[in-house]
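Please open the model in your viewer and keep the sequence panel at hand.

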Amino acid sequence: MPAPAAVSTATAHFEQWQSEIQAVGSLKPFRGADLSVEVPGIVEEVNFDSGGDVEAGALLIRLRDNDDVAKLRTLEAARDLAQSNFNRDQAQLQRQLISQATFDVTAANLRSLEAQVAEQQAIVAKKTLRAPFAGHLGIRNVNAGQYITPGTAVATLQALDPIYLDFMLPQQVLDRIKVGLPVSLKVDTYPDTTFAAKITTIDPKVDPATRNVAVRATVPNPGRKLLPGMFATVVISTGEPQRYITLPQTAITFNPYGNVVYLVKETAE
């Protein structure tokens with residue numbers, strides 16, 4: 001006779017189950033840039049340290065600008081003289097002591113010098129590098145006395161709080177997501193920590209090659225634990241939680257004959 005079938009029993013319970021969408025993504029800065037100068041020159045001053053925080057508009061480096069500043073002062077002096085000539089000729093024109101043609105030449109000379117001063121001021125301004133926004137600086141790559149050219153990376157500047165999380169989702173789940181939906185994420189650096197975020201942008205087009213849509217969530221990052229470039233696993237809870245009767249996996253036993261025998265006793269709740 002065949003051996004009697006083994007029977008396992010378990011007490012069933014109601015549990016809340018939440019529908020979820022899982023994805024992988026990358027962290028990106030709220031604002032970020034690799035800073036460089038617009039014109040070549042020798043570094044005269046470096047006004048920041050590696051890893052420091054700066055406010056928007058803070059002076060980071062200044063290139064040697066003696067010649068450019070001297071030229072600016074010369075042009076400003078010529079402009080001031082042209083302004084005096086303009087004022088004098090304007091008064092004489094009103095008393096008809098000079099011709100309109102003479103006054104027009106004086107006015108044109110003033111406008112020309114004003115334009116030259118503005119141009120030289122722009123050249124002098126390019127000799128300085130200022131922080132375009134408030135953020136956290138990376139490693140300093142230049143020193144005083146060094147000759148640098150446009151494109152030379154002076155330092156990276158990153159705004160880290162908040163920080164963005166970008167990920168892709170298949171088009172089949174578009175009807176289950178919306179702006180404002182909460183998102184949870186984890187990174188390998190902190191495996192026991194779950195970070196909260198919210199969806200802030202859903203791309204208005206689907207990639208025709210992959211049939212995926214780009215989604216961006218915003219993550220509060222006051223402790224600056226999350227850094228741009230980190231890989232993250234993403235979980236999005238969708239819909240309302242549902243109640244299901246569940247039983248543990250140990251309640252199911254496979255007997256030698258390949259049959260599965262289990263007994264469920266439902267409890268009232």
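With which residue does Arg-62 form a salt bridge? Select Arg-62 and Asp-65 in this predicted model: the two form a salt bridge, and their closest N and O atoms are 3.2 Å apart. Asp-65 is buried, because its relative accessible area of 9% falls under the 20% cut-off.

Next, select strand β4, residues 59–63. On one side, β4 pairs with strand β2 (residues 41–46) in the antiparallel sense, over three bridges. Within this pairing, Val-43 stands opposite Leu-63. Strand β4 also pairs with strand β5 (residues 128–130), again antiparallel and over three bridges. Here Ile-61 is found opposite Leu-129. In a regular strand, side chains alternate between the two faces of the sheet.

Now select Asp-53 and Arg-224, which form a salt bridge with 3.0 Å between the closest N and O atoms. Asp-53 belongs to strand β3 (residues 53–54), whereas Arg-224 lies in the loop between β11 and β12, so this pair ties together parts that are 171 residues apart in sequence. Arg-224 counts as partly exposed, at 37% relative accessibility.

Proceed to Arg-79 and Asp-80, whose side chains meet in a salt bridge of 3.3 Å, N to O. Both residues are partly exposed: Arg-79 has a relative accessible area of 25%, and Asp-80 one of 41%.

In the whole structure, a search finds nine salt bridges.

Notes. Residues numbered from 1 in each chain as written. Predicted model: local features only at pLDDT ≥ 70, side-chain atom pairs only at ≥ 80, totals over all residues. Heavy atoms only, no water. Pairing = 2+ DSSP bridges. Helix = DSSP H or I, 4+ residues; strand = E, 2+ residues; numbered from the N terminus. Salt bridge = Lys/Arg side-chain N within 4 Å of Asp/Glu carboxyl O. Buried < 20%, exposed > 50% of the residue type's maximum accessible area, 1.4 Å probe, protein only.
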